[in-house]
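Let's take a walk through this model, a few spots at a time. Keep the viewer open as you read.

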Amino acid sequence: ASCELRWETLPDDLPNLACELEAGDHVIGYELAADPGQYAQKLQAHTRYDIYDQGYWDESDVRLASAPFAVEGRTIEPRHGLAARDTTGKLWTYEGTRDADRPFYSRHETGPGWQTYTALTSLSPYTQDLYSLVDVKPSAATRGRGDIAARDASGTLWYYDRHTNDTPYAPRVKVGGGWNVYDRIDGAGDLDRDGYVDLLARDKAGVLWLYKGTGSFTGARFKARVKVGGGWGAYDRLAGGADLTGDGRADLLARDRAGVLWLYRGTGDGTHPYTARTQIGGGWQGYDQLVVTGDLTDDGKADAVARDRSGVLWLYKGTGKATGTFTGRTRIG
């Protein structure tokens, strides 16, 4: 946590301490002490617990005055967004609105120079706007959510850690060389449910490999690769990172070269991460981009977006079910 004295508004000029915390579960402890030499003193503690889903003070959806600390009110759903690289190499972020009729706010530029990469992927859907007003670095509980992996033309893989405030990403960290053996590199979400997001890579023989995340800020970002299986060369598009079926496990979408979309349900097991595939439906060959975005519509179910070859973006609202995974598409713009 990051704590500071904000202002003195309590009776008798008592200090008012405000703390900012990264998303996740926390236990806050405090101690009240009398002045030295006093045998007895009556003490009163006044606490207020707020959730600021907008990132601003005094705009809370959940508020409880006086201890004990507890949550009341509606559940705050994550605000998911989207990253997009344009043809000049600029990276843009689209912050989510939680509104199905208008899922994204206007874009804002993250930075130029991303054209040097031959593969670029978010490791999981964004769960908050990258430009956070909370000056606390991401904790292990949210490690990798919003992070980016990028491969350059020489085959070197780089890792961009999500940062805070005016710089959404810290300076890139070298993962290693030799990644030109893969023709697809895709974020997988937390496949083994250890709290850290993972990466999928498919080699040119059609074998799919899993790189488990470590959650480290200072050491290697991934563990040694684990073989998922062969035969994945049948697909020309993979998209994963979020739970599409409501069981708490990250799933994967795969489109074959005939335009049929398949669902691989996550098992939560890092050795055998997916069950046998289930067909979602045909006709998906009209799209040249497919991304599992997380919940864009504030209903607690992960959604997907697809871009057709004329440049129109479409929203596929998730149902949270393995059968009938998406409702009909809605035009975004």
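First, the ground rules. This is a predicted model, in which local features need pLDDT of at least 70 and side-chain atom pairs count only at pLDDT 80 or more, while totals for chains, interfaces and linings use all residues. Residues are numbered from 1 along each chain as its sequence is written, and side-chain values use heavy atoms, with hydrogens and water left out.

**Two loop residues**

Start with Ser 216, in the loop between strand E16 (208-211) and strand E17 (226-229). Strands (E, at least two residues) are DSSP runs numbered from the N terminus. Ser 216 counts as buried because its relative accessibility is 19%; the cut-off for buried is under 20% relative accessible area, with a 1.4 Å probe and protein chains only. A polar atom of the Ser 216 side chain sits 2.6 Å from the backbone nitrogen of Gly 219. Tyr 196 is 20 residues from Ser 216 in sequence, and their C-alpha atoms are 9.2 Å apart.

Now hop over to Asp 147, in the loop between strand E8 (117-122) and strand E9 (148-152). With a relative accessible area of 1%, Asp 147 is buried. Its side chain makes a polar contact of 2.8 Å with the side chain of Tyr 159. A polar contact here is a pair of N or O atoms within 3.5 Å; within protein, one must be able to donate a hydrogen and the other to accept it, and residues adjacent in sequence count only if both atoms are side-chain atoms. Leaving aside residues up to four places away in sequence, Asp 147 touches Thr 121, Ser 122, Leu 123, Tyr 159, Tyr 160, Asp 161 and Arg 162, where contact means heavy atoms within 4.5 Å.

**Strand E23 and its partners**

Strand E23 (residues 303-308) has five of its six residues buried, so it is largely enclosed by the rest of the structure. E23 pairs with strand E22 (residues 287-294) in the antiparallel sense over six bridges; pairing requires at least two DSSP bridges between the strands. Within that pairing, Asp 308 in E23 is the bridge partner of Tyr 287. E23 also runs antiparallel to strand E24 (residues 313-318), joined by four bridges, with Arg 307 opposite Leu 313 in E24. E23 and E24 make a hairpin with four residues between them, and Gly 311 in the turn has a positive phi of about 95°.

**Aromatic rings**

How many aromatic pairs does a search of the whole structure find? It turns up 21. Rings of Phe, Tyr and Trp (its six-membered ring) pair if their centres lie within 6.5 Å; planes under 30 degrees apart are stacked, over 60 edge-to-face, and the rest tilted. Here are two of the pairs:

| Pair | Centre to centre | Plane angle | Type |
|---|---|---|---|
| Tyr 117 and Tyr 160 | 6.2 Å | 85° | edge-to-face |
| Trp 232 and Tyr 264 | 4.6 Å | 35° | tilted |

Tyr 117 is in strand E8 and Tyr 160 in strand E10 (residues 157-160), so their pair ties together parts 43 residues apart in sequence. Both Tyr 117 and Tyr 160 are buried. Trp 232 is buried at 6% relative accessibility, and Tyr 264 is buried with a relative accessible area of 10%.

Ring pairs also link Tyr 159, Trp 179, Tyr 182, Tyr 211 and Phe 222 into a cluster.

How values were computed
Buried means under 20% relative accessible area, exposed over 50%, partly exposed in between (1.4 Å probe, protein chains only).
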